[in-house]
Amino acid sequence: MSQLLLSASPHLHGKDSTRTIMRDVIIALMPSLFAATLLFGWRTLAITAVCVASCVASEYLSRVAMKRPQTVSDLSAIVTGILLAFNLPVDIPLWQAAFGSVVAIVVVKQMFGGIGCNFVNPALMGRIVLLGSFASTMSEYHLPLYAPADAVTSATPLASMAAGEELHYSLLDLFLGNRPGSLGETCILALLIGFAYLLYRRVITPVIPVVYIGSVFLLSWLFTGSATVAFYQILSGGLFLGAIFMATDYTTTPVTRGGQVLFALGCGLFTVVIRQFGSLPEGVSFAIVLMNIITPYLDRLTMPRVFGATKGGARK
């Protein structure tokens with residue numbers, strides 16, 4: 001006689017795990033790390049190593065202090081360290097990079113329960129804390145190594161546009177990373193290679209990155225009346241880095257397709273509003289964190305109704 005087995009979901013298990021997903025994200029970040037090293041020199045690797053080591057050590061010590069099972073082997077702390085490093089300028093003091101890493105892991109991630117429990121992206125929140133605490137060093141951007149010797153430091157293209165200055169960068173320069181900026185945001189080509197790998201591995205879907213970047217382009221065009229300026233807006237700053245690697249974070253973004261579209265549209269709107277009317281030339285970090293906060297409400301708004309259930313949730 002056959003038996004009917006009852007068990008809690010999930011009933012189907014895939015081969016992917018947190019570790020394999022994080023491994024794929026690390027692989028996808030390698031083209032940008034390689035490009036940043038070529039553009040800004042070996043200090044790129046030093047900052048990345050400090051951020052990764054600080055994140056891993058912070059997670060390990062936090063789990064020990066909280067008497068919880070260790071999670072350093074899931075590689076998520078390494079991903080946070082790389083992403084934080086990619087959001088920093090090349091000349092930031094190493095101790096400040098380590099401080100931002102501790103904030104990202106201990107305060108933003110572990111104090112809320114660890115991976116899967118944080119309500120905002122740890123790397124972005126670490127960057128925001130560093131920006132508020134060390135504004136001078138966080139706003140000193142350098143041109144790539146092959147730039148002319150008399151042009152070592154420079155405003156970012158977004159800062160130049162916000163100040164009404166003439167832009168000296170072609171769209172090709174912006175695409176290849178020949179402009180000042182944070183370590184991992186400048187080379188769009190490298191970021192797109194990582195994006196293609198994540199899509200191939202089915203780690204992410206194209207919904208959030210495409211809608212986010214597309215909405216920034218369209219809104220920038222609407223605000224400025226210039227398609228050329230709109231192209232400069234999407235190729236400058238950390239839009240591609242944020243849209244591909246941080247706006248797609250599983251924990252802090254909606255699970256429903258409709259929620260993801262609304263999330264991406266909100267990110268695009270906040271980014272453009274901050275860039276056009278705010279005191280800061282960049283708005284990606286703040287836009288994503290703001291949308292992270294309302295992610296539960298987006299999921300609730302767009303969650304499909306269970307068949308046979310009434311509006312209040314009870315079954316008919």
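Buried here means under 20%, exposed means over 50%, and partly exposed is in between, using a 1.4 Å probe and protein chains only. Quick word on what we're looking at: this is a predicted model, where local features need pLDDT of at least 70, side-chain atom pairs count only at pLDDT 80 or more, and totals for chains, interfaces and linings use all residues. Residues are numbered from 1 along each chain as its sequence is written, and side-chain values use heavy atoms, leaving out hydrogens and water.

Okay, aromatic pairs. Rings of Phe, Tyr and Trp (for Trp, its six-membered ring) pair if their centres lie within 6.5 Å; planes under 30 degrees apart are stacked, over 60 edge-to-face, and the rest tilted. By that rule we get 6 aromatic pairs. Take F99 and F134: their ring centres are 5.9 Å apart and the planes sit at 85°, so the pair is edge-to-face. And where are the two partners? F99 is in helix α4 (residues 94–109), while F134 is in the loop between α5 and α6, 35 residues apart, so this pair links distant parts of the chain. Helices, by the way, are DSSP runs (H or I, at least four residues), numbered from the N terminus. F134 has 17% relative accessibility, so F134 counts as buried. Ring pairs also bring in W95, which joins F99 and F134 in a cluster.

Now F217 and W221. They're edge-to-face too, 5.7 Å centre to centre with 70° between the planes. Both lie in helix α10 (residues 207–224), 4 residues apart, about one turn of the helix. F217 counts as buried at 14% relative accessibility, whereas W221 is partly exposed at 40%.

On to the inside. A nonpolar core is a set of buried Ala, Val, Leu, Ile, Met, Phe, Trp, Tyr and Cys residues joined through side-chain atoms within 4.5 Å. The largest one has 76 residues, and L88, Y212, F245 and I288 have the most contacts inside it. Helix α1 gives the most to this core, 11 residues. What does F245 touch, leaving aside neighbours within four places in sequence? F245 is in contact (heavy atoms within 4.5 Å) with V25, A28, L29, L83, L191, G194 and L198.

Note on methods: Helices (H or I, at least four residues) and strands (E, at least two) are DSSP runs, numbered from the N terminus.
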